[in-house]
Structures are given as C-alpha cells and as structure tokens.
Amino acid sequence: MPFIPHTEQDVQKMLDVIGVESIDQLFDEIPAHLRAKSLDAVPEGLNEMAMMRRMSERAALDAGAKCYLGAGAYEHHIPAAVWDIATRGEFMTAYTPYQAEASQGTLQLIYEYQSMMCALTGLPVSNASLYDGASGLAEAVLMAIRGNRKSKSRRVLMAASVHPLYRKATDSIVGNQGIAVDTVALDTQTLTVDQCQLAQYEGEDYAALVIAQPNFFGTIEEVNALTDWAHAQGMLVIAVVNPTSLAILTPPGEWGEQGADIAVGEGQPLGIPMASGGPYFGFICCTDKLVRQMPGRIIGRTVDLEGKVGYTLTLQAREQHIRRSKATSNICTNQGLAVTAATIYMSLLGHEGLARVARASHGNTCKLRERVARLEGVSLAPQAHCFHEFVMHVDGEAEAVLANMAEHNVLGGLALGEYYPELGQAILVCATETKIAADLEEYERVLRQALAQTGGNG
Amino acid sequence: MSNIPGELKYLSSHEWARLEEDGSTVTVGITDHAQDLLGDVVFVELPEVGAEIAAGEEAGVVESVKAASDIFSPVSGEVIAVNEELEDAPEMVNNEPYDDGWFFKVKISDADELNALLDAEAYSEVCEADDH
Amino acid sequence: MLIFEKGAPGRLAHSQVPQTEHELDLPESVQRKRPPALPEVSELQAVRHFTNLSRKNFSIDTQFYPLGSCTMKYNPRGAHRAASLPGFLGRHPLAPASHSQGYLSCVYELQEILKEVTGMAGVSLCPMAGAQGEFAGVAMIKAYHEARNDFARTEIIVPEAAHGTNPATAVMCGYKVKEIPVKADGDVDLAALKEAVGPQTAGIMMTNPSTCGVFERQIEQISKTVHDAGGLLYYDGANLNAILGKVRPGDMGFDVLHMNLHKTFATPHGGGGPGSGPVAVGKRLLPYLPTPIVGKQDQDGQQRYHWLDDQALPESIGRLSAFMGNAGIILRAYVYAVLLGREGLHRVGEYSTLNANYMAKLMENAGFKLAYPGRRATHEFIVTLNKQAKELGVTAMDFAKRLLDYGYHAPTTYFPLLVPECFLIEPTETESIEELEGFVKAMKAIQKEAEDSAELVTGAPFTQPVRRLDDVKAARELDVAYQPASAS
C-alpha cells in the first residue's frame, strides 16, 4: 500500500482496541447510499520507477528550446545551492510556524526575507509574501482602498502599461467587492503612460494610481513625475516592480517627493524556475502608515522569557483566523518555500551580484535589440529606455513568425496582438544574463529565416 | 471581580460612557472586564476627530495579540478628541481603563441617549453571564 | 545571528556573478543612488547559515506533526523529483502548445482524476491555495445568481465552527455573512438553518467532516433546505482526506468545492506554502470556472492538449494569477495520484480514519476527555483539556509547548473556537502505529508532570532554540526588518 505503513496485525490490533469489526464500520455515520463506488476514471497505480519513466518522457517533450519569452516570468541562472538547501525536508515539509519555538528556522528566514525586500524596495514593511505578482497587485489595490481614508469612491486608476494579465487577475479579484479599476491610456509610440491623459482625472476621487517600473513592455516610466502627480491628487501610489531591476533602479520608496506607498511584484526572478508559472511568490511592501492594512503573515523580532532574541508571527489580529469576516484578506498561507529559495538567492548574489545580473540582462537585451533592428521586415518600437525587454514590429503575422521560430527551437517572444491589438504585429522580446553572443546570433538568424518563410520581409 | 464604577454608563459590548461636567461631552473607553478578556492590548484604532458617529456604530478597533474587537460608540455626535497617547502606549488600556486609557470624546447631540445605556448593576450582570 | 551580520563589505560569492561590460543605457533620474542592503557573504557562509537555520525547524520529515485540519502526511520525494525534471522547470508559462504537451497532458489528466474523486462535472486547477479556491467557488456562486438576474441574494451562511477563511472569503466576494450554531453533538443546528435561509441566501459554506472532527449526518437535509431556498452549497475541502474514496462531495449534493492539494494530495507545505486549491463544480457552474484550464483534442489520431482561456469560457470568473496557479504543485499532486492509483486513493480515507479512531480511543483510555465522545472520529478528533486548565492551571497551550520537548509537533490548539482548551489531532494515514502510541505515551507523561510538577509544563519548552516568546513585545514594538547599524 503506497505510503501506508500498516501490517495486517497492526490493523487487527487497532480494530480490536476501537471495538469494531472492520474499517468500513468506522464510516457507519455516513448514509449507506452516499458511499462512493469504484473510482473507475482513475487509472491503476504505478510504482516510482514506472512513474519516473512516464514523467521523464513528458518533461522531454517540453524541453530543448531557447527561451526569449519574458512578460512576467524570466529565465535567470539559479545557483545550485539555492534549491539544494530550500528542499531540505526541514524547510520543505514544515508548515506555517504556529509553534514559534519549533519553527525558528522558517521564522528567522522570513524575517531576513522581509529585511531584504525592504532594502530592495526602500519601504519599511514587508509581509511574508503572497501567492504571485498578479494576485499581489489585487491585494495592494484592496489595501489602498482601505488605507486611503480620504477616498470614498472605491475606485483606482491603473496604467495600461501594467502587465495585462495582472490587470485581468486584479479585475477578477477586486470586482466582486464593487471596486472599479479605470485604465489610463497607453502612449502607443513610447509605450509608456500617456501623461497627456492624466489631466482628465485631476480633481476626481481615486484611492490609488498603479504604475509599473519597468512596465510590461520593458520601458522605463517617468515614475517620479507620476508619483508626485498622484500624491497631489490625494491618491496613494502602488508601484509594480521587477525585483532584479531594483538592484539598479530607484527603489519605489524614493520615487518622487514622498515615495510610493505600496510596492508589489513578482518574486520569481529571485531564484525561482519558470516552471510553467508557479509556484512563484508575490512580494508586497508598504509604508509604516499602512502596516495594519497589510494582508497575510508578518514576522516580527522579539525576545523569549530569558531575553534571547527570537522570531514570531505578529499582528495576527488582522488575519482571517481571528478577524474572520473583518480580516484584511482571506489569505492564510504565504509561498514559504519559494521565499526560502529567494532568500538564499539574494544572500548568494548580494547587491553587487544582483546589480550585475540586472546589467548583464539589460546589456543582452540592448545587444539583441540592435541586432534585430538591422533586419529587413523588423522595426523597433521607439522606446526611450528598456530594462530587459523590448518591443519589435514585424511585417507579416507576428504569430506566424513566432511559430516558425519555435519550429527551430527558438521561442522568440510574445505576440502582443491579443493584449494590445492597437500595436499591430508586435512582439515582446526578452534576453537575460543567461544568453551568450552565439545565442543572440542564432536568434537573429532564425528570425531572419522566419520572416523570409512567412513572407514577412516585404 | 472586575472594577465597574457606579457613575458610568455601559454597553453590553463592554464600552463605558461618562458624561463630563459640561453636560454635552461624553468620554468613551472600554471596561476593565473587556481589557481583561482581551489580554495585553497592542493597538487601538480610533475614529477621526471631526467625524460624525451614531450610537451603536463602529467607531474603532482594539487589538490584543490574540483577538481584535470592534469598538461601538454608546452615543451619537461629533468626535471632538481622541486619545493619541494610546498610539505609543496601548498598555494604558490595560492599566487604567477608566482614566488614561480612554478612547475618544463625543459632543453629543441627544443627552437622552445616555438613559438607554446600561447602568453599573445591569452591566455587571452582563459580565457575570460572560463568565459562565 | 542574522545573515546580514555575518558578511563583510565587498565580500561576494564570485562564481554566482555574471561578467558584463555593458554600460547602463538608463537616465540618471531612475538609477539607484545607494545599493540595497543585501547580505555580503561567501557561498559557504550562505550555505552554512541556511542549513543551520533549517535545523531549527520541526517538519514532517523529522517529526510526527499531527496538526489538525492541516493533513501533514508524508510528501513523497518521488513527486518532488518528477516535478523537478528540467523540462518542467524550464518551461516558460507562455510557451506555445507545441512545446508544452508534456506539462499540459499532466494537467489534463489531473483535472479528470479530481472530477472523478469529487463526483463533479468540471475542474479548474487555477487557485493557488485553499483560500483562493474558496474565493473562486463563492465568486462562481455569485456569477451564477447574477447570470439569472437574481441580485437579491446577499448572504452566505457559515456554521460557527467554520474556518476563519470562510467568512473572510464571503466578504471578499461582496457578501454578508450569517453564522449559524452547531449543536452539542457537532452537527449543524438544522432548525437554525431553516430559520436562516430565504430569498437572500446565496449559499452555504460547509466542511464535511466538519471542523469538529465528525461527519455531518444531516447533510442531505441541509442540501435540500438550501437548494429549496434557491441557494447553492459550497464544500470546503479542508477535510477531504477523511472521505477520499469513501464518499464524494458531488454525491452529497454540493455544487462547488475546493480541494487542498497540499493536504489531500500530499504536496509539501513548504513552511507555509505554496499550496494549491483547485475548484470542482457541478454542471450548473461549469461556465464560470476560473481560467485557464486544459482541453484535449483528437488530431489525426493523436491527442493534442491546449489551453482554454477566457475566449473559450466567456462567462468565466476570470484569472486568479498571472499564469496558471502553482503549476509545480499541480505536477506533484498528479504524481501522487499516479503513484496511488484507484485502489490507493480509496485507502486514504480508510486508513486516515482508522488512525484517528485508534488514537482517539487510546487517548480516552488514558483519561483524556474527547469533545464528541459518542461520535465516530473522522480523520481527526478533538480532545479538551478544560479540566486540566481549571484544576491544575495547565492549559492546552502548555501541553502543546511541552510536546515539543518530547519531540512531537503540537496538534492544532484552540480551534475550533467553540471547544475550550482544545487539541485538534490529525494523525494521517502515513503514520505507523508505533508513532501514534508514542504520542499518546508522551501525553500521559505530560499529564503526570502537570499533576506533580506543573512548572515543567507551564514553563516548556526547554529543549528548543528559544523559550516562549514575548508576543506582546513583538506587536507593540514592531520590528519586521533588520536595520543595518549604519542606517540607524
């Protein structure tokens, strides 16, 4: 019996002690006609060897391509030590640190994680993480609605240059509470927030403005001006940021005159594999003023009864198990294991290592952008400055060009037509530090060929 | 047995109300019994000065490590003062619930509302029922 | 000591750092002025620091962990290994279907398996945790009513013994919460329910077996009462392990449910997550499932898998994450189901129930008071230490802390709220009889200590990295991030 240790003698002894004839008798409070029949649609079990063979074959089907997709999930080198340590049973098979004395490992690690996220974002408070960047943004919007006491409108402004899938997730999560999310239009030339559009919102009641740096297209936004504008309107500022970029870009806590109020984003670039989209983790940081609006777990430093430093869950009265229907959120868990990996990753890289990852990714993206600019049938979007993604327009069908590239095992980017039809045949391309010169050369060659074969070179 | 001053009025949700000498200001806090049930208070969220509140309405939250309770206003009127010292010293709610541990003051619109509140005797019955 | 305090300025794990000569093509105004205060340590320092931190944790791999309502069963290493194959780890979430057939086939098959074990018509694996599954489920209930132009349903009914997530979820979905009482035998007060339902009822959220550790015997009457009033039934799958393969939520009359793959399907809890909380629905709610889900097509005799997103499901409640939930957890759960197979899944409910009933009987025989003595235990049961608290001044918290000294993780304490001084004990099916007996023996020894030298219990733990912590100081003097000495 897989993972059940009972011998026949054990079972008999246990039944005798309980005083029943059979295991089935233990279910006699369940009406007989409700009992489940055989689970026919479930196949027979496999042993580990047979299972591994099947899974290896399936995993191989998905392997082998070079990846230039970004759009919220990024390929970075992950030091071997990161997951070797994170998957130690003591981290991987523990649960929420309810018994603080027997969970100091997890608790201290999360305190260190919170400290690192505060250092990166320039804000004083971090929680122990949320599910992912997109659902994290939804929580940030809910925080702003609760935290901006002057605003009564239950609506926020969201830049169209924020990740479209984040915007979708935010809509599905906050919409049920009657919260409206209005979109600030995109400047389709520069691929940034269209600042000419802002005037129409002046004097309107919005709880917050959401902006991304770099934005979905990899473009650098004028975050200082946007932050100051929003604060002048009585809005809070929610910054959606890439953690790798924060090694070189101004932290949200220092944007404009007062700094952003909430910073949120996807933690995946910090040592988490792309792995089909999860598990990742959402990080969220805020000002001291908003700490009681923070959803999820928070770890605090304290002392034990002998005065020795220790760590414990704190501010739990915000949470669902105490506040029930009045909790800040229904969230109970964090993404502890992913946070464990990210904390080890940030420790191994340090600020210098992370800055070099950011610079190398930025460098490769700039180089690839120069390369493809030379191709006939490709034109670049006039983005003033990119971090590690850029947008190119192709002659012909973007989807067809990408499909052709994929046949040659190059995943050339993301076609933007589904998300931004106004941009035409646009592709979002990402090159991180994992790419070498030969890769970029191959990309150029495969793209040129795809353009030729799909009739995209004029 | 907790301290239940005879001169105050009470809500069964454990707030006390004291009519000040000017005859129109009511000071509000939570009772000794309430702070005992909550344990060490770690945070108090207070209404904003200038806010209009109605009797029976939520006017704040008091938090301990293991619990959080809404504070209901016993009377209607305008909030004219809040106890800002609780921000740095929430333990005053435990130490002096009827003095330095007060929460907020209301300029009342209708003094009759006080008559509808519990007196000390009625409130002590509420506390006794709690203990069972 | 914190990792920050172990470093030295300028120290670097050199082999982890890429070389780059590229100049930043970015305006000064957006460049960071001071580097973030991250640790500056060697690779060995980091490895040693975090390895040593891990040793300050209790875990399933190292200790019996009978945390009620959390299903801390063995997490098969094989599932972890399979989900960590390079093809799965390297797959970008937006990779084209041509480079995703391996992953998509696993997702599709898990959807089918979960449909079968729950008796429902459709499954979405999107929700990233139980609480998000609850959110998705209640959002679907709302979408269903609103699609029928029924906007009068503003209330969700929740039994008072429910997990705190239930009322919190209902509020996140814009509903008011109506709590109904639970009777002394652990079943819902049916009369109160009948009183509570009406045209304002959107639905009821229930766990069965309930958080009281007993099977709700009136489930069919409850189902009829709520359905007759036009409401829907939500099944909180927190306790699905108790009935896996024995009774299916769909057959009990539930319209929608979530499962916790990190409980019932043995995926690791990871120190508090990641979990995964798929939702399953009956026919009525099929159009509202969160996206994306995976479909299958027969293409020239070959099975091809593809995504179904909001274009395919226009009435969907939408997306809950940037991509599709906790994919790696979904793979682990799939592998678990593959390893167990049909017969193995049937045994989960049986042996988890056997273990709980055996332990409950041993505890009762040892003189501990069961909260629901007349009832069968399910996969978990409740002991109340009210007598010890009153007579000896030794609380459930004290017993919990002393258990740590005996090498056992404490059960869930003080939940459900309606049983005073309680332990909610869930042994799971993967524990051996020796482990169960060892725990009861420890409880007996602690009881003796409580009677003879109570300070051993009230002062516990003595053997852990720290003694009891000052939670009041933690909350009053909030310190949630390290401040480097230079910054303060």
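In chain A, 64% of the 458 residues are buried, where buried asks for 20 or more other C-beta atoms within 10 Å of a residue's own, exposed for 12 or fewer, and partly exposed covers what lies in between, with C-beta atoms placed from the backbone. Keep in mind that this is a predicted model: local features need pLDDT of at least 70, side-chain atom pairs count only at pLDDT 80 or more, and totals for chains, interfaces and linings use all residues. As for labels, residues are numbered from 1 along each chain as its sequence is written, while chains are lettered from A and ligands numbered from 1 in the order in which they are written.

Staying with chain A, its secondary structure comes to twelve helices and 17 strands; these are DSSP runs numbered from the N terminus, with helices being H or I of at least four residues and strands being E of at least two. Its C-alpha atoms fill a box of roughly 80 × 55 × 50 Å along the principal axes. Take the contacts in chain A with a separation of 6 or more: 76% of them come from residues 24 or more positions apart. A contact here means two C-beta atoms, placed from the backbone, within 7 Å.

Strand E11 (residues 299–303) of chain A has four of its five residues buried. Five bridges tie E11(A) to strand E12 (residues 309–313) of chain A, and the two run antiparallel; for the record, two strands pair if DSSP finds at least two bridges between them. Across this pairing, A:Gly300 sits opposite A:Thr312.

Now over to chain C, with 16 helices and 13 strands. Its C-alpha trace spans about 75 × 70 × 45 Å along the principal axes, and 61% of its 488 residues are buried. Why does a radius of gyration of 25 Å fit a compact globule for chain C? Because a compact globule of 488 residues would come out near 23 Å, and the value for chain C agrees with that. The radius is taken over C-alpha atoms, and the globule rule is 2.2 Å times the number of residues to the power 0.38.

Where chains A and C meet, 166 residues from chain A and 168 residues from chain C take part. On the chain A side, the largest share, 22 residues, is from helix H10 (residues 336–373) of chain A. By class, that side has 89 nonpolar, 52 polar and 25 charged residues. Nonpolar covers Ala, Val, Leu, Ile, Met, Phe, Trp, Tyr, Cys and Pro, charged covers Asp, Glu, Lys and Arg, and the others, Gly among them, are polar.

The largest nonpolar core has 364 residues, and those with the most contacts inside it are A:Val141, A:Ala208, A:Ile238 and A:Ile262. Such a core is a set of buried Ala, Val, Leu, Ile, Met, Phe, Trp, Tyr and Cys residues joined through C-beta atoms within 7 Å. Helix H11 (residues 327–365) of chain C gives the most to this core, with 22 residues. Leaving aside neighbours within four places in sequence, A:Ile262 touches residues including A:Ala140, A:Met143, A:Ile238 and A:Leu290.

Finally, chain B: six of its strands form an open antiparallel sheet in the order E1-E2-E3-E9-E8-E5.
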